[in-house]
Amino acid sequence: MAASPGITGSFSPEVAGVFLCRDQFEVDWFVRMNNTGGPVDVWAVDGVGGESLIDNGSGYHYVNEPIPPDRLTLLRRDLEAPRLP
């Protein structure tokens with residue numbers, strides 16, 4: 001994260017891990033929250049069971065282990081946050 005801000009604009013991690021979405025509603029929420037100034041990608045992670053997810057206290061979940069690249073699949077690319085009227 002030293003080279004660029006996270007999706008919320010922070011230069012330090014909120015948690016020691018990677019946030020994962022459990023459904024489309026959470027994906028849409030994180031995309032709308034995007035504060036990077038540019039598009040974001042949505043990736044699927046294989047091999048993560050519910051017992052591996054940690055609740056950060058806000059209802060969103062993360063894993064605190066590295067995710068190897070071979071467990072990632074690009075689902076959607078270059079999504080822009082919706083513009084407010």
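1. His61 belongs to strand β4, strands here being DSSP runs of E with at least two residues, and helices runs of H or I with at least four, numbered from the N terminus. The model is predicted: local features require pLDDT of at least 70 and side-chain atom pairs pLDDT 80 or more, whereas totals for chains, interfaces and linings use all residues. Residues are numbered from 1 along each chain as its sequence is written, and side-chain values rest on heavy atoms, with hydrogens and water left out.

2. His61 counts as buried because its relative accessibility is 12%; buried means under 20% relative accessible area, exposed over 50%, and partly exposed in between (1.4 Å probe, protein chains only). A polar atom of the His61 side chain lies 3.3 Å from the backbone oxygen of Gly59. Beyond its neighbours within four places in sequence, His61 is in contact (heavy atoms within 4.5 Å) with Val18, Phe19, Leu20, Arg22, Leu53, Ile54 and Asp55.

3. Tyr62 is also placed in strand β4. With 13% relative accessibility, Tyr62 is counted as buried. Its contacts, neighbours within four places in sequence being set aside, include Val15, Ala16, Gly17, Val18, Ser52 and Leu53. Gly17 stands 45 residues away from Tyr62 along the chain, yet their C-alpha atoms are separated by 6.0 Å.

4. The sheet that contains β4 is open and has three strands in the order β1-β4-β3, with antiparallel pairing. Its edge strands are β1 (18–20) and β3, each of which pairs on one side only. Two strands are taken to pair if DSSP finds at least two bridges between them; β1 and β4, which run antiparallel, are joined by three. Within this pairing, Leu20 has His61 of β4 as its bridge partner. In general, the strands of a sheet pair through backbone hydrogen bonds, either parallel or antiparallel.

5. Ser58 is found in the loop between β3 (54–55) and β4 (61–63). Ser58 is classed as partly exposed because its relative accessible area is 46%. The side chains of Ser58 and Asn56 make a polar contact at 2.6 Å. A polar contact is a pair of N or O atoms within 3.5 Å; within protein, one must be able to donate a hydrogen and the other to accept it, and residues adjacent in sequence count only if both atoms are side-chain atoms.

6. One salt bridge is counted, the criterion being a side-chain nitrogen of Lys or Arg within 4 Å of a carboxyl oxygen of Asp or Glu. This salt bridge brings together the side chains of Arg22 and Glu26 (2.7 Å, N to O). Arg22 is partly exposed at 48% relative accessibility, whereas Glu26 is buried, with a relative accessible area of 5%.

7. Over the whole protein chain, the secondary structure amounts to one helix and five strands, and the elements follow the order β-α-β-β-β-β from the N terminus. Of the 85 residues in the protein chain, 21% are buried. Among contacts in the protein chain with a separation of 6 or more, 73% come from residues 24 or more positions apart.
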